[in-house]
Amino acid sequence: MAARLNTSLQNTLSLFSKKLPSSPRRALYCTSSLESHENAETFVLTTPLYYVNAPPHMGSAYTTIAADSIARFQRLLGKKVIFITGTDEHGEKIATSAAANGRNPSEHCDLISQSYRTLWKELDIAYDKFVRTTDPNHEAIVKEFYERVFANGDIYRADYEGLYCVNCEEYKDEKELLENNCCPVHQMPCVARKEDNYFFALSKYQKPLEEVLSQNPRFVQPAYRLNEVQTWIKSGLRDFSISRALVDWGIPVPNDDKQTIYVWFDALLGYISALTEDNEQQNLDTAVSLGWPASLHLIGKDILRFHAVYWPAMLMSAGLNLPKMVFGHGFLTKDGMKMGKSLGNTLEPFELVQKFGPDAVRYFFIREVEFGNDGDYSEDRFIKIVNAHLANTIGNLLNRTLGLLKKNCESTLVVDSTVAAEGVPLKDTVEKLVEKARTNYESLSLSTACEAVLEIGNAGNAYMDQRAPWMLFKQGGVSAEAAAKDLVIILEVMRIIAVALSPIAPCLSLKIYSQLGFSNDQFNSITWDDTKWGELKEGQVMAQASPVFVRIELEAAEKDEEEKKKPKDSKKKGKAKVKVEQQPQTVTEA
């Protein structure tokens with residue numbers, strides 16, 4: 001078993017040492033952006049701190065892509081964004097996984113934590129803080145928090161006997177277990193344990209938590225997740241164990257080095273310890289002053305209880321403010337089935353981005369999964385969506401417009417876009433769709449925001465087809481002058497798309513902006529105000545047209561009937577072939 005685990009882990013991690021095809025990708029909005037927003041509203045956004053018992057999976061990547069898109073949008077609004085991600089590195093599962101792979105826990109954590117950083121780099125995740133729970137400053141914050149809660153009378157020592165899920169790192173109520181005492185999340189039998197542990201008095205905070213949810217129903221989103229949390233609380237809260245006597249790999253309990261702090265009582269503090277600076281005194285008050293409370297905790301629905309029940313009660317006990325919102329999104333499936341190594345249908349995020357590129361991966365999962373609900377991936381649908389939306393609707397519109405401009409106007413705009421659009425209904429249509437996109441970004445309806453941006457592209461294509469400027473140029477005279485104005489209008493539409501889509505597909509947006517004659521610095525300084533009509537000016541020279549998103553081609557686009565009848569495990573399947581532009585890659589880690 002250990003040999004199989006080791007082989008699997010090595011195969012996955014070996015992917016991280018391979019280079020992707022070069023592309024003009026760079027870390028847009030890196031940490032230096034914080035320096036220019038000293039007086040701006042602060043927006044603190046967190047992903048979960050990902051558990052390092054195994055390399056990153058697509059579920060972790062999905063959460064982080066969504067968080068990055070939200071962070072990029074908030075930066076466009078001019079806010080001082082602190083986007084926190086990182087790794088949770090203590091606990092029994094990690095020690096077990098390290099041993100199974102022939103490593104000590106510290107080496108194992110270093111390796112897996114780096115694999116997360118590598119993947120985030122390839123997916124253009126522009127985080128501001130990456131916290132590791134093995135960092136010394138984190139340990140200092142955890143111990144101070146523990147002592148504050150202890151001083152408040154909310155930690156006590158007691159024996160506990162019950163059914164324990166090793167994967168959840170949690171004791172379970174028998175009433176929530178499946179047949180044979182199986183954990184409903186991991187489908188594995190829980191084991192009987194008896195331990196002498198320290199406990200947190202969660203039951204003391206039942207009424208305060210009920211009041212929080214009653215007074216602030218937006219604390220847990222989407223609304224149906226709030227209903228789940230309210231049901232849990234109303235069924236009666238039980239005190240929970242916050243230490244382990246049988247686990248060495250963890251932060252020692254203050255004044256009792258025979259116990260280590262339970263992984264959740266440790267990991268949740270990473271959202272606060274991440275705020276500390278290397279040159280600052282490492283204490284709780286300093287960390288809190290640098291950005292707490294968080295504006296948004298973005299998590300998967302499987303860890304909702306810890307973030308919406310345990311965490312706020314812990315914060316109340318320590319006298320700290322609660323986060324403003326906890327958003328629990330759904331799970332991903334593949335071809336309609338739950339993903340799992342035993343089923344052989346896992347979706348490896350590094351392989352996916354290597355095969356299709358970051359823009360395609362980011363766009364598909366944000367556009368096709370309604371944020372909050374479960375979502376499904378199939379390669380056929382992936383290819384159809386990104387080809388139709390990114391290559392055809394957006395890329396082809398820009399390409400043919402720039403081609404006409406070069407042929408007929410020497411790649412130069414003949415008039416300001418504001419003047420060109422006078423009396424043209426398309427301008428009003430675009431402005432309404434921009435507002436729709438903004439409203440949906442703000443409400444975390446990311447899929448609908450994408451849809452609004454795509455509608456702008458559809459409107460631009462419809463205008464191009466209706467006006468047929470290629471025909472007007474042939475007629476010459478006044479018709480040719482009108483055609484030249486039409487091209488300016490369509491290119492202004494493309495510019496607005498680049499701004500509005502930049503939270504989702506930053507590299508694609510940069511390519512569009514560059515072909516419209518803007519510099520990288522000009523793109524990096526855009527704000528949401530740049531979605532207003534009128535930025536393109538007379539005399540601006542456009543760049544040479546080059547596909548900003550190349551269609552994904554299939555070696556076997558349409559499988560014949562004989563291929564369809566082959567067993568599902570047949571390896572002779574049509575494979576995607578992606579054309580990727582060979583351009584320099586420069587990515588700066590935050």
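A crossing of two helices is called left-handed if the near helix is turned anticlockwise from the far one by less than a right angle, and right-handed if clockwise; by that criterion H14 passes H17 in a left-handed crossing. The model is predicted, so that local features need pLDDT of at least 70 and side-chain atom pairs count only at pLDDT 80 or more, while totals for chains, interfaces and linings use all residues. Residues are numbered from 1 along each chain as its sequence is written, and side-chain values use heavy atoms, with hydrogens and water left out.

**Helices H14 and H17**
- The axes (lines fitted to C-alpha atoms over the stretch in contact, with angles from 0 to 180 degrees between N-to-C directions) of H14, residues 379-409, and H17, residues 446-467, come within 10 Å and cross at roughly 40 degrees.

**Arg157**
- Arg157 belongs to strand S4, residues 155-165, a strand being a DSSP run of E with at least two residues, numbered from the N terminus.
- Its side chain forms polar contacts (pairs of N or O atoms within 3.5 Å, one able to donate a hydrogen and the other to accept it, with residues adjacent in sequence counting only if both atoms are side-chain atoms) with the side chain of Tyr198 at 3.1 Å and with that of Asp256, also at 3.1 Å.
- Between the C-alpha atoms of Arg157 and Ser243, which are 86 residues apart in sequence, the distance is 9.6 Å.

Technical notes. Helices (H or I, at least four residues) and strands (E, at least two) are DSSP runs, numbered from the N terminus.
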